[in-house]
Amino acid sequence: MKNIYGLTLNYLESYFIDNGSKKFHALQLFSWLYEKRVESYGEMTNISSDMREKLSSDFSIDRLKIVDVQEDVDVCKYLFELYDHEHIEAVLMRHDYGNSICVSSQVGCNMGCKFCESGRRKRVRNLEAYEMVLQILMIEKLLGERISHVVVMGIGEPFDNYDNLIKFFEIINHPKGLAIGARHITVSTCGIVPKIIEFSDFPLQINLAVSLHAPNNEIRNKIMPINKVYPIETVMDALKIYLKKTNRRLTFEYILLKGVNDSTQCAEELAKLVKEMNCYINLIPYNETNNIDFKRTNTVQIMRFYDILKKNNVSVTIRREFGSKISAACGQLRSKKEDL
Ligand code: SAH
């Protein structure tokens, strides 16, 4: 049975029409779910009891289970249990501009990035759109506060679950849905070229981030197996199409790994690679994990790397660190829970 939280307004409009009812009830339903936030069909009093009966026999209104919460000063991490007893996690970060949440898109991940905890477990399945929507809805409820920003940077490769991702965006962005502005939503990909191109035609102005992590194929092949399928030059070509079509600015994420991709030569090469692209680079201090050998670059070298990019007129920021104390790096909490 489908879950109601994964259905877009368009889908629900056709549903009501197909069932001999009126289209506008779809908007009322959306308002019950996302504005008034009732948790049962019985409370939706402006929808006829016959239609409510029909809805409850067609669509489940079940939520996820929150099985663990770990709190730190400005970050909070939630472990969810899904209907099939799989676990995923979401992280809430408190910024001065609002609350942002990092959502997962898959159970496990097939991309196999060598430095990443999530990739240590192969993909079990994609998350359904409702499982992404509910990460936000349920955290908002627990918190009693609105979430203003969403990043799809948790477990999984979102562009490997494209159709559900798009439904998720449509639901959370809709003014009668969670009403989160497209410019406050960011999706991060390791560089699935055909989907980058497809995404350039998606009408909502959602931000794109690309996990680059290396300035050339030689290094990238060693740490990101996906690079053998879509080498750097093909990713760059796709991004140029994306930039041209959308007129937006994109983000490159670059984790600094000691002795792997953090030399001054890498910084020079990186500056050349992104020259003349409308982008900025987000340098990420590596969050070390117990299970993986990579080490973080020390602060002096991070600053050196940063300065070289600056000198070459590249826009660059260093990511503020959240949650290293509470295992907030991708997949760490789930790993602990399942003892992987
Ligand atoms: N699959 C997508 C999104 C999930 S990962 C992607 O690859 O972009 C989100 C970001 O966290 C990626 O840039 C990833 O490379 C990075 N990341 C993974 N493990 C990390 C760690 N231990 N420390 C810092 N960043 C990490």
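So, R319: in this predicted model, R319 comes out partly exposed, with a relative accessible area of 28%. Its salt-bridge partner is E253, with the closest N and O atoms 3.5 Å apart. E253 is buried, at 4% relative accessible area. As for where they sit, E253 is in strand β12 and R319 is in the loop between β14 (315–318) and α12 (332–338), so this pair ties together parts that are 66 residues apart in sequence.

The overall count is 17 salt bridges.

Another one to look at is R94 with E145, at 3.2 Å between the closest N and O atoms. R94 belongs to strand β5 (residues 87–95), and E145 to the loop between α4 (129–143) and β9 (149–152), so here the linked parts are 51 residues apart in sequence. R94 is partly exposed at 30% relative accessibility, and E145 is partly exposed too, at 34%.

Then K195 and E198, which meet at 3.1 Å, N to O. Both are in helix α6 (residues 193–199), three residues apart, so about one turn.

Okay, the ligand. Which residues are closest? Those are E157, S188, S211, H213 and N287, out of 19 surrounding it. The shell splits into ten nonpolar, seven polar and two charged residues. The E157 side chain has an N or O atom 3.0 Å from a ligand nitrogen. Ligand oxygens come in at 2.6 Å from a polar side-chain atom of S188 and 2.7 Å from a side-chain N or O of H213. And the protein covers 94% of the 540 Å² of accessible area the ligand has on its own.

Methods. Residues numbered from 1 in each chain as written. Predicted model: local features only at pLDDT ≥ 70, side-chain atom pairs only at ≥ 80, totals over all residues. Heavy atoms only, no water. Near = heavy atom within 4 Å. Polar contact = N/O pair within 3.5 Å; in protein donor to acceptor, adjacent residues only side chain to side chain. Areas by Shrake-Rupley, 256 points an atom, 1.4 Å probe, with all protein chains shown as cover. Nonpolar A, V, L, I, M, F, W, Y, C, P; charged D, E, K, R; others polar. Salt bridge = Lys/Arg side-chain N within 4 Å of Asp/Glu carboxyl O. Helix = DSSP H or I, 4+ residues; strand = E, 2+ residues; numbered from the N terminus. Buried < 20%, exposed > 50% of the residue type's maximum accessible area, 1.4 Å probe, protein only.
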